[in-house]
Amino acid sequence: VSPTRLTTAPPSVNVIPSEARLTLDWRNVPSHAAAAILEQTRALAESVLSEGYALDLKVPTRSLRTYTGLEETTAAMRRPFLTEKDHAVVKAALRALRKSAGAHVRTSMWRFATDGGDAHEAGIAVVGYGEGDESLAHTSAERVSVDDFARGVAGNAALAVALAEIL
């Protein structure tokens with residue numbers, strides 16, 4: 001969990017705020033349900049809440065509209081998912097990447113949110129691949145070297161060919 005935004009109201013530097021809003025980016029795993037995350041967060045916040053203050057804890061919503069005009073409001077959460085290491089798509093992806101990179105390619109947990117959970121829920125196998133230093137993703141220090149970028153382009157091309165053959 002990462003606190004990613006803190007805002008106050010009123011937003012003046014010389015007024016004691018009447019409200020503080022904290023945004024948490026919580027990357028959960030399939031076995032950690034949204035309700036459990038909310039309860040854990042509520043318990044922690046209430047344990048440090050000063051007397052006379054109130055807690056309003058909620059998952060934000062987002063409105064989505066398709067090209068056909070269908071609209072839906074849903075929780076602004078990503079669904080966690082897991083594609084097993086022995087899945088045919090994972091095996092094919094590893095073979096293709098090892099052949100492309102000419103080196104050891106490992107599997108690990110993809111530690112950031114993607115729309116992959118939606119695809120996974122629809123029965124589509126999902127794998128993540130990317131070059132660069134994952135610990136720098138979504139930070140002000142994020143960067144990818146030219147060599148890593150070139151390796152990533154070659155890896156994605158190898159994935160496209162290999163996965164097209166089995167899907």
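Me: How many salt bridges are found in a search of the whole structure?

Reply: The structure is a predicted model, in which local features need pLDDT of at least 70, side-chain atom pairs count only at pLDDT 80 or more, and totals for chains, interfaces and linings use all residues. Residues are numbered from 1 along each chain as its sequence is written, and side-chain values use heavy atoms, with hydrogens and water left out. A salt bridge is a side-chain nitrogen of Lys or Arg within 4 Å of a carboxyl oxygen of Asp or Glu. When the whole structure is searched, the number of salt bridges found is five.

Me: How far apart are the closest N and O atoms of Arg-65 and Glu-71?

Reply: Arg-65 is exposed, and Glu-71 is exposed as well. Arg-65 and Glu-71 form a salt bridge, and their closest N and O atoms are separated by 3.9 Å.

Me: Where do Asp-148 and Arg-151 both lie?

Reply: Asp-148 forms a salt bridge with Arg-151, with 2.2 Å between the closest N and O atoms. Helices (H or I, at least four residues) and strands (E, at least two) are DSSP runs numbered from the N terminus. Asp-148 and Arg-151 are three residues apart, about one turn of the helix, and both belong to helix 4.

Me: Is Asp-148 buried or exposed?

Reply: Arg-151, its salt-bridge partner, is partly exposed, with a relative accessible area of 37%. The relative accessible area of Asp-148 is 18%, and therefore Asp-148 counts as buried.

Me: How far apart in space are Asp-133 and Asp-148, C-alpha to C-alpha?

Reply: Asp-133 is in the loop between helix 3 (116-121) and helix 4 (146-166). Asp-133 is partly exposed, because its relative accessible area is 42%. In sequence, Asp-133 and Asp-148 are 15 residues apart, and in space their C-alpha atoms are separated by 9.5 Å.

Me: What is the phi of His-138?

Reply: Most residues other than glycine have a negative phi. His-138 lies in the loop between helix 3 and helix 4, and it is exposed because its relative accessibility is 63%. Although His-138 is not a glycine, its phi is positive, at about 60°.

Me: What is omega for the peptide bond from Ala-9 to Pro-10?

Reply: Most peptide bonds are trans. Pro-10 is found in the loop between strand 1 and strand 2 (19-25). The bond from Ala-9 to Pro-10 is cis, and its omega is near -5°.

Me: Why does Leu-6 count as exposed?

Reply: Leu-6 is found in strand 1 (residues 2-9). Leu-6 counts as exposed because its relative accessible area is 63%.

Conventions:
Buried means under 20% relative accessible area, exposed over 50%, partly exposed in between (1.4 Å probe, protein chains only).
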